[in-house]
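Please look over the notes below alongside the coordinates, since they concern the overall build of the chain and a few points of backbone geometry.

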Amino acid sequence: MSKLGFIGLGIMGNPMAAHLIAAGHEVFMTTLGKVPAELLTGKGKACDSITDVVKQADIIFLMLPDTPDVAKVLFGEGGVSFALTKGKTVVDMSSISPMDTKEFAKKINALGCDYLDAPVSGGEVGAKAASLTIMVGGPQAAFDLVKPLFELMGKNITLVGGNGDGQTCKVANQIIVALNIAAVGEALLFASKAGADPAKVRQALMGGFASSRILEVHGERMIKRTFAPGFRIGLHQKDLNLALSGARTLGLALPQTAGAAQLMQACAANGMQDLDHSALVRALELLGNHEVAKSPA
């Protein structure tokens, strides 16, 4: 059994830490606010500070909203880097900038510690079911050390390459997911406006080449109007901004990604940034002055 640290116990971090505790590991935790009471069972232990977590743990996991949050937790006053001792491993499972991740890794490596970037896909449902896809960047030896812990939180676990490559893979994932949500939204909106039953259209499409996990899960959300997150539009906006800023650095044009980002921006401008990213369809509905389906009474 390992001594683990977990920093960031939000929608995703909470169930991920719970799986580590349930497996019998000693997990030292801190987060904004209080550590949830349900995690203080078995070997789950609340700490008063980041420093306390790092001093107790050999492997420290981060699950935070954005790049500045990770930078602050790692290198801000009282951050992870100030309490690290040689031989420990830092695992950032947040979804953040690949470019900044490479710099973070260099700074942690200079302290004699390993660094893995290991963003995830699967949302709250995947976190609770321990079925997350985990995309890892970093050295093979560190990956081998942490892989048994990843297997407590996810199913599809891949060492993509060096530091930053895990985050690059996650950005690619978010491009694909966003464009698929937009495509499903446009298709169901078209079908509904034309007078067809969008639920029946979705059912028919699920048996053909257009079938996808997005059509299955988010298509149903669009029809049933169930937009409680899941994965918030505001967070997906952040990921698409990472894609577009990276594309500028690389000299690439990502026109479809830019379009999806603008649809999410339209949602955010109308107060929907905290809805599930399947609510991207609401921007299309506003443009077309038509809803895929009426909200249940």
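The points that follow go from the whole protein to individual residues.

1. The model is predicted, and the protein in it contains 13 helices and nine strands. Its radius of gyration is 20 Å, close to the 19 Å that the globule rule gives for 297 residues, so the protein is as compact as a globular protein of that length. Along the principal axes, the C-alpha atoms fill a box of roughly 65 × 45 × 35 Å.

2. Of the 297 residues, 51% are buried, and among contacts with a separation of 6 or more, 64% are made by residues 24 or more positions apart. The accessible surface comes to about 13600 Å², with 56% of that area belonging to carbon and sulfur atoms. The protein carries 27 positive and 26 negative charges, whose mean positions lie 2 Å apart.

3. Most residues other than glycine have a negative phi, and most peptide bonds are trans. Against that background, the bond from Pro229 to Gly230 deserves a look, as it is cis with omega near 15°; Gly230 sits in the loop between α10 (213-224) and α11 (233-250).

4. Arg225 is placed in the loop between α10 and α11, and has a positive phi of about 60° although it is not a glycine. With a relative accessibility of 12%, under the 20% cut-off, Arg225 counts as buried.

5. Ala130, in the loop between α6 (123-129) and β8 (132-137), is a residue other than glycine with a positive phi, near 55°. Ala130 counts as buried because its relative accessibility is 12%.

Methods
Residues numbered from 1 in each chain as written. Predicted model: local features only at pLDDT ≥ 70, side-chain atom pairs only at ≥ 80, totals over all residues. Heavy atoms only, no water. Helix = DSSP H or I, 4+ residues; strand = E, 2+ residues; numbered from the N terminus. Rg over C-alpha atoms; globule rule 2.2 N^0.38 Å. Buried < 20%, exposed > 50% of the residue type's maximum accessible area, 1.4 Å probe, protein only. Contact = heavy atoms within 4.5 Å. Areas by Shrake-Rupley, 256 points an atom, 1.4 Å probe, with all protein chains shown as cover. Lys, Arg positive; Asp, Glu negative; His and termini not counted. Charge placed at Lys NZ, Arg CZ, Asp CG, Glu CD.
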